[in-house]
Amino acid sequence: MRQVYGIVFEPVSGAVVVQDDHGRHNLPGGTPEPEDAGDLVATLHREVYEESQLVLEDWEPVGYQLVSEDGHPSYTQVRYAALLKSADLIGPDPCTGRTYRRVLVSAADASGLLGWGERGAAQLAAAARVAVERWGLVLAPAGTERKELP
């Protein structure tokens, strides 16, 4: 397991938090560290906070994928649906020193923005089902104007 990502839903808008790094988009997440002691949820919490200063209230795994890049060993990414509890003031990622904008987009629009293909779209759809069925959220409709998370 090399990476863990959070599809984090903001409960009021029903939108997903996407990081914007000067036009390059991603979900908050990252690599397990020794202090996580093999606990993927610990990695999820730590990485989502380090990168986007988000505190999670609840979570559920929604999928994984094997990533193969030319000339590199294959690795696995795990993705979780997560419910946002609170957002602290935005700050730099302690690992990279970069500060990412936090943008709210519909789950349907996130798929195209992230460009993660069919498997990514299926995981976003699974996360949207979790948001509706488990947390009772009303999802932001496709085409909703992007807004920054304060």
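Two strands pair if DSSP finds at least two bridges between them. The legends below use that rule on a predicted model.

View 1. Along the sequence the pattern reads β-β-β-β-α-β-β-β-α-α-β. The radius of gyration is 14 Å, close to the 15 Å that the globule rule gives for 150 residues, so the chain is as compact as a globular protein of that length. Its C-alpha atoms fill a box of roughly 40 × 35 × 30 Å along the principal axes. Buried residues make up 47% of the chain.

**View 2. Strand β1, residues 3-10, is mostly covered.** Eight of its eight residues are buried. In a regular strand, side chains alternate between the two faces of the sheet. On one side of β1 lie Gln3, Tyr5, Ile7 and Phe9, all buried. On the other lie Val4, Gly6, Val8 and Glu10, also buried.

**View 3. β1 runs parallel to strand β6, residues 75-87.** Seven bridges join the two.

**View 4. β1 runs antiparallel to strand β4, residues 29-30.** Two bridges link this pair. Here Tyr5 stands opposite Gly29.

**View 5. β1 and strand β2 form a hairpin.** β2 covers residues 15-21 and runs antiparallel to β1, with two bridges between them. Phe9 stands opposite Val16 in β2. Four residues separate the two strands. In the turn, Gly14 has a positive phi of about 70°.

Methods. Residues numbered from 1 in each chain as written. Predicted model: local features only at pLDDT ≥ 70, side-chain atom pairs only at ≥ 80, totals over all residues. Heavy atoms only, no water. Rg over C-alpha atoms; globule rule 2.2 N^0.38 Å. Buried < 20%, exposed > 50% of the residue type's maximum accessible area, 1.4 Å probe, protein only.
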